[in-house]
Amino acid sequence: MPSFADIQQYFAGVWRMMMGRSEGLRLLDLSADGFWNSFFAILVAVPPMVVGWVTISNELAGADVFSSRFSLFARLLLTDLATWVLPYVILALAARPAGVADRFVHYVVASNWASALFSWVMLPVMLLQLLLPGAADLTGFLTFLVFIGTMILSWRLTNVAIGKGPAVATAVFAAMFAASLAVLFTAEGLLGLSRGVG
């Protein structure tokens, strides 16, 4: 389990990668243990994600009883967990034919810590949405801006992590984005949810 100092170092590493600096990779643990420990990023991301789950549960449940809200909360948790992990499984199966197997660990470790960082970046907007439900236009606009920003930074991170040029990075980025959407919509359908991508 990474220490707080380790997590700070990993956040610094992925931020440097998002700025196009390949030395950010040296701040990540790319060993076998580092690969599996990078999934601890899910737990690091849980606090801000909880705010999102509560907000969406409130919107979907309306005036329903608490048990309904808890059920929605649990299904949102499962949906986001699946959306986080399952695209990596798809990439693992496709990595060798796609010629990126040698960079699979780099990509997964970097993406895990970047996702945790993005969750915290999104927290202020989610808190606004939770505390000011009447300001839907403002929070919607802010969510869109953050989404665009994270997409740009994610592509830059992918480009450094894959290390095979912008064309290959774009292909991996697009494929993983499509896989995430496919998992998201499938999980929402199976779990009886209806919400936007954001």
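Ring pairs link Phe35, Trp36, Phe39, Tyr88 and Phe104 into a cluster. Rings of Phe, Tyr and Trp (its six-membered ring) pair if their centres lie within 6.5 Å. This is a predicted model, in which local features need pLDDT of at least 70 and side-chain atom pairs count only at pLDDT 80 or more, while totals for chains, interfaces and linings use all residues. Residues are numbered from 1 along each chain as its sequence is written, and side-chain values use heavy atoms, with hydrogens and water left out.

**Aromatic pairs**

- The whole structure holds 9 aromatic pairs.
- Phe11 and Trp113 form an edge-to-face pair, with ring centres 6.4 Å apart and planes at 75°. Planes over 60 degrees apart count as edge-to-face, those under 30 as stacked and the rest as tilted.
- Phe11 lies in helix 1 (residues 4-18) and Trp113 in helix 5, so the pair ties together parts that are 102 residues apart in sequence. Helices are DSSP runs (H or I, at least four residues), numbered from the N terminus.
- Phe11 and Trp113 are both buried. Buried means under 20% relative accessible area, exposed over 50%, and partly exposed in between (1.4 Å probe, protein chains only).
- The rings of Phe39 and Tyr88 also pair edge-to-face, their centres 5.9 Å apart and their planes at 80°.
- Phe39 sits in the loop between helix 2 (32-37) and helix 3 (41-61), and Tyr88 in helix 4 (residues 66-98), so this pair joins parts 49 residues apart in sequence.
- Tyr88 is buried, at 7% relative accessibility.

**Helix 5**

- Helix 5 (residues 104-131) has 28 residues. From first C-alpha to last it reaches 40 Å, close to the 40 Å expected at 1.5 Å a residue. The expected span is 1.5 Å times one less than the number of residues.
- At Leu123, helix 5 bends by about 40°, and Pro124 follows within four residues. The bend is the angle between axes fitted to the seven residues ending at a residue and the seven starting there.
- Phe118 belongs to helix 5 and is buried, with a relative accessible area of 14%.

**Nonpolar surface patch**

- Phe141, Phe144, Leu145, Phe147, Ile148, Ile152 and Phe177 make up a nonpolar surface patch with about 640 Å² of accessible area together. Patch residues have over 30% relative accessible area and no salt bridge; nonpolar side chains (Val, Leu, Ile, Met, Phe, Trp, Tyr) are joined within 5 Å, like charges within 9 Å. Areas come from the Shrake-Rupley method with a 1.4 Å probe.
- Helix 6 (residues 136-162) gives the most to this patch, with 6 residues.
- Leu145 is found in helix 6 and is partly exposed, at 43% relative accessibility.

**Salt bridges**

- The count is 2 salt bridges. Each needs a side-chain nitrogen of Lys or Arg within 4 Å of a carboxyl oxygen of Asp or Glu.
- Glu23 bridges to Arg21, the closest N and O atoms being 2.7 Å apart. Glu23 is partly exposed at 23%, and Arg21 is partly exposed at 40%.
- Lys164 and Asp102 meet in a salt bridge of 3.3 Å, N to O.
- Lys164 lies in the loop between helix 6 and helix 7 (166-191) and Asp102 in the loop between helix 4 and helix 5, so the bridge ties together parts 62 residues apart in sequence.
- Lys164 counts as partly exposed at 34% relative accessibility, whereas Asp102 counts as exposed at 52%.

Key:
Helix = DSSP H or I, 4+ residues; strand = E, 2+ residues; numbered from the N terminus.
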